[in-house]
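Trainee: May I request a close look at one single residue and its surroundings?

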Amino acid sequence: MKHSKRTHDLDEERNTSSQKRRRRRESSERDNKHYKSHKTADSNYLDNRSVHERDRHNRRYVEEYRNDFSDVDDHGNHHRDDEKSHGRRHSKSSGRSRRSSHKRQHKKHHHSHSKSHRRKRSRSIEDDEEGHLIYQSGDVLRARYEIISTLGEGAFGKVVECIDHHMREMHVAIKIVKSVGRYREAARSEIQVLEHLNALDPDSTYGCVQMLEWFDHHGHVCIVFELLGLSTYDFIKENSFLPFRIELIRKLAYQICQSINFLHHNKLTHTDLKPENILFVESDYVVKYDGKMRRDERTLKNSDIKVVDFGSATYDNEHHSTLVSTRHYRAPEVILALGWSQPCDVWSIGCILIEYYLGFTVFQTHDSKEHLAMMERILGPLPVHMIKKSRKRYFDCDQLDWDEHSSAGRYVKRHCKPLKEFMHCHDEDHENLFDLIRRMLEYDPAKRITLDEALEHPFFDALKNTLS
């Protein structure tokens, strides 16, 4: 299948999310009483340790960072002035973890700090036509963070790698949000969610990215994060779209299910899960030659991951936008406007696991009716009760109004096939993986497997056995 560039349906989502953002900003549900009640309810849940222990040095760094920052007055008061990251590339397209080259860069950037800082002060602050902050390597944010390079760019703004000159020259990632109202609003929402999650799980046992602090820079909300490796999408892309081996899929799937289940237990739905929002903690790899396939393959040294981009995360008691999720990972109940909750995340995870297995997404489309046709081709007919309940005009006589002989119909038939036919091997591991995916891709959200149930699926038995 052609690996075309995947785009986010931003115009639709911006319009439908504005009401939710206004309500979220005015909400008083996230005061200290709200946080404490969540923390008490989930104290037992947090006692369970993740399968993959996180790097203890990084945990100490996050704690020390927060402590040091509370004592710092570097013109660095908390600027609580005043988003949603629809960005597709939060990680630099490099075949190795950025951390591996940091030590070599420290000395060079340390000497250039004072010079670049003077240049920043003498230069006026400017935005481009789209609202992005105009910057260059060497500029310093908040008299503290020296910009090294751009890691990614999206509709929300840009993500840059910086040296923190007030924290032992540590490297961090900073999301610089556009100076545009709707993105600033979404950034404030993301900050609230991250503060809540980081307070509940300060050691990042459940793999949600750590926010270190945030500040306002001339109208741009800047969120400081721990620096991570490549996204799972970028790793596959740089590995020539070779799929992950089933052992790695098992480790990634378990961590993703644990992380998102943590959100669900805390009455949150992520709503924008995709391979771009699953980042490796470190993306160092070794190259091995596969004699059977006659090709070089990159094998990760560390399979630990973290979930990022909480700009769309929604609490159960908040307004639910009609349209959520990036197209290729959007659940049928969202497309049919039937309402959604946590099960829409489970559907997205099922789509992600297929992509890890194949190396490409199976729902390669930007049209809702075509998307539904692909679902029916892969998973079978949509349930009649969901069709009857939907007000969308995609159906005729309780069936999808779809011409299989049209050019679009021929495209769907050519590129999609029943789920079982995607499976390359019929051993027990593969059977279990595809059973898990099939349960995650259950049309009816009420019948879809929960993440509590998914974590007990036989597909993960081999992983648990190695740890027992």
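**A leucine in a loop**

Mentor: Leu-419 lies in the loop that runs between helix 13 (407–415) and helix 14 (428–440); helices (H or I, at least four residues) and strands (E, at least two) are DSSP runs, numbered from the N terminus. The model is predicted, so local features need pLDDT of at least 70 and side-chain atom pairs pLDDT 80 or more, while totals for chains, interfaces and linings use all residues. Residues are numbered from 1 along each chain as its sequence is written, and side-chain values use heavy atoms, without hydrogens or water.

Leu-419 counts as buried because its relative accessible area is 9%, and buried means under 20% with a 1.4 Å probe, protein chains only. Setting aside residues up to four places away in sequence, Leu-419 touches Ile-354, Ile-378, Leu-379, Phe-434, Ile-437 and Arg-438 (contact: heavy atoms within 4.5 Å). One of these partners, Ile-437, stands 18 residues from Leu-419 along the chain, and their C-alpha atoms are 9.2 Å apart.

Of its 468 residues, 58% are buried. The protein exposes about 20700 Å², of which carbon and sulfur atoms supply 46%; this area comes from the Shrake-Rupley method with a 1.4 Å probe.

To return to the residue itself, Leu-419 is thus a buried residue in the loop between helix 13 and helix 14, and Phe-434 and Arg-438 are among the residues that it touches.

Methods
Buried means under 20% relative accessible area, exposed over 50%, partly exposed in between (1.4 Å probe, protein chains only).
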